[in-house]
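Hi,

Here is the model I promised to send over. Have a look at it first, and then read my notes below.

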Amino acid sequence: MTVQVVQSAAFRRAYKRLHANQKADVDDAVGAIVADPTLGEAKKGDLAGVFVYKFKCCGQLALLAYEYDPATRLLLLLGSHENFYRELKRGQACR
């Protein structure tokens, strides 16, 4: 069974700004999420249903927010911890 990976506009914008070596680290993280979507930490409250996967990107901590069901992985946001959850809540309010 193939899993469809869908990018939000915010994720696409952040991914586009990365260098090639950073994109490789993000691609590895996305691959890990596709293989096992329970890797990320489930959020509660306002962000219920959202998972955040923490990984190293060029030696720095990066966060990747996503939602999943058996057939799809929706990549919501990518970035460092600074203002990450504020931006994620803003994006959730628009949906």
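**What I found**

Let me start in the sheet: V5 has R73 of β5 as its bridge partner. Strands and helices here are DSSP runs, numbered from the N terminus, with at least two residues (E) for a strand and at least four (H or I) for a helix. Before going on, a word on the source: this is a predicted model, in which local features need pLDDT of at least 70 and side-chain atom pairs count only at pLDDT 80 or more, while totals for chains, interfaces and linings use all residues. Residues are numbered from 1 along each chain as its sequence is written, and side-chain values use heavy atoms, with hydrogens and water left out.

**The sheet**

Two strands count as paired if DSSP finds at least two bridges between them.

Zooming out, 5 strands make up an open sheet with mixed pairing, in the order β1-β5-β4-β3-β2. At the edges sit β1 (4-7) and β2 (41-42), each of which pairs on one side only. Going in from β2, we find 2 bridges to β3 (residues 51-57), and these two strands run antiparallel. One of the residue pairs there is A42 with F51 of β3.

Next along, β3 and β4 are antiparallel as well, with 7 bridges between them. V52 stands opposite A65 of β4. These two strands form a hairpin with 2 residues between them. C58 counts as partly exposed because its relative accessibility is 40% (buried is under 20% relative accessible area, exposed over 50%, partly exposed in between, using a 1.4 Å probe and protein chains only).

β4 and β5 run antiparallel too, joined by 6 bridges, and a hairpin of 3 residues connects them. L64 is partnered with L78 of β5. R73 of β5 turns up again here, as the bridge partner of Y68.

Helix α2 (residues 20-35) touches β1, β3, β4 and β5, and its direction makes about 140° with that of β3. Contact means heavy atoms within 4.5 Å. Axes are lines fitted to C-alpha atoms, for helices over the stretch in contact, and angles run from 0 to 180 degrees between N-to-C directions.

How do α1 and α2 sit relative to each other, and which residues make the contact? Their axes come within 10 Å and cross at roughly 140°. The two helices are therefore oblique to each other (under 35 degrees counts as roughly parallel, over 145 as roughly antiparallel, 65 to 115 as roughly perpendicular, and the rest as oblique). On the α1 side the contact involves F11, Y15 and K16, and on the α2 side K23, V26 and D27. These residues divide into 3 nonpolar, no polar and 3 charged (Ala, Val, Leu, Ile, Met, Phe, Trp, Tyr, Cys and Pro count as nonpolar, Asp, Glu, Lys and Arg as charged, and the others, Gly among them, as polar).

D28 is also in helix α2. D28 is exposed, with a relative accessible area of 54%. Its C-alpha lies 9.6 Å from that of F55, and D28 and F55 are 27 residues apart in sequence.

In soluble globular proteins, nonpolar side chains tend to be buried together. Here the largest nonpolar core has 16 residues, of which F11, V26, F55, L64 and L78 touch the most other members. α1, α2, β3, β4 and β5 each supply at least two residues of this core. A nonpolar core is a set of buried Ala, Val, Leu, Ile, Met, Phe, Trp, Tyr and Cys residues joined through side-chain atoms within 4.5 Å.

Leaving out residues up to four places away in sequence, V26 touches F11, Y15, L18, F55 and L78. There is also a second, separate core of 9 residues, with V50, V52, F84 and L88 among them.

**One more loop**

N83 is worth a look on screen: it lies in the loop between β5 and α3 (84-93). N83 is not a glycine, yet its phi is positive at about 65°. With a relative accessible area of 38%, N83 is partly exposed.

Cheers
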